[in-house]
Amino acid sequence: MKQLNTQMSVSKSLQLQWQLHSRRYVSTKAHYITTPIFYVNAKPHLGHFYSMTLADVYNRWNKFNGRETFFTTGTDEHGLKVQNAAAAADNTDPKLFCDRLSDKFKELAGIGDIKYDRFIRTTDPDHLESVNAFWKIVWDKGK
């Protein structure tokens, strides 16, 4: 048991040394990390999982080094491809189609133990509000 405690204290000591060392070379600003916002015209596949995993590893590395992070992933639920895919899926309502596939992306993240802070959907009310506000600013400045 004494040997195990010694190994644990050495491990914690090395971790602390690394954190102190790495902070000298890194910004103290929060890191905003995102995957691509996945298109929901088909079920998730290995490429989606790969992107989620890379972002999750980078997020965990930053947290390990004491940095504040905010990690997002999510789905893009607009466009003709989504509408066509919903129609091809037994003429499913596009929003219902997106709901089902968005849940599949969340399930994939769960299988991989991906620890995101927010799963965003482009159909989320706050996203729609932000986009409308952005385009209003662009429109107003363009006059």
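Is tryptophan 135 buried or exposed, and at what relative accessibility? Tryptophan 135 counts as exposed because its relative accessibility is 52%; exposed means over 50% relative accessible area, buried under 20%, and partly exposed in between (1.4 Å probe, protein chains only).

**About the model.** This is a predicted model, in which local features need pLDDT of at least 70 and side-chain atom pairs count only at pLDDT 80 or more, while totals for chains, interfaces and linings use all residues. Residues are numbered from 1 along each chain as its sequence is written, and side-chain values use heavy atoms, with hydrogens and water left out.

**View 1. The whole protein chain.** Welcome to the fold: five helices and three strands, arranged along the sequence as α-β-α-β-α-α-β-α. Helices (H or I, at least four residues) and strands (E, at least two) are DSSP runs, numbered from the N terminus. Of the 143 residues in the protein chain, 28% are buried.

**View 2. Confidence along the protein chain.** The mean pLDDT (the predictor's confidence in each residue, from 0 to 100) is 86, and 80% of the residues score at least 70. Confidence is lowest in helix H1 (residues 2-23), with a mean of 57, and highest in H2, at 97. Where pLDDT is low, the predicted coordinates should not be read in detail.

**View 3. The largest nonpolar core.** A nonpolar core is a set of buried Ala, Val, Leu, Ile, Met, Phe, Trp, Tyr and Cys residues joined through side-chain atoms within 4.5 Å. The largest one here has 17 residues, and those touching the most other members are Val40, Met52, Phe71, Val82, Phe97, Phe105 and Ile114. At least two core residues come from each of strand S1 (31-39), helix H2 (46-64), helix H3 (80-88) and helix H4 (94-111). H4 gives the most, with six residues.

**View 4. Around methionine 52.** Beyond its neighbours within four places in sequence, methionine 52 has contacts (heavy atoms within 4.5 Å) that include Thr35, Phe38, Phe71, Phe105 and Ile114.

**View 5. Serine 102 in helix H4.** Serine 102 sits in helix H4 and counts as buried because its relative accessibility is 0%. Not counting residues up to four places away in sequence, serine 102 touches Val40, Thr75, Glu77, Phe119 and Arg121.

**View 6. Back to tryptophan 135.** Here we return to the opening residue, which lies in helix H5 (residues 125-142).
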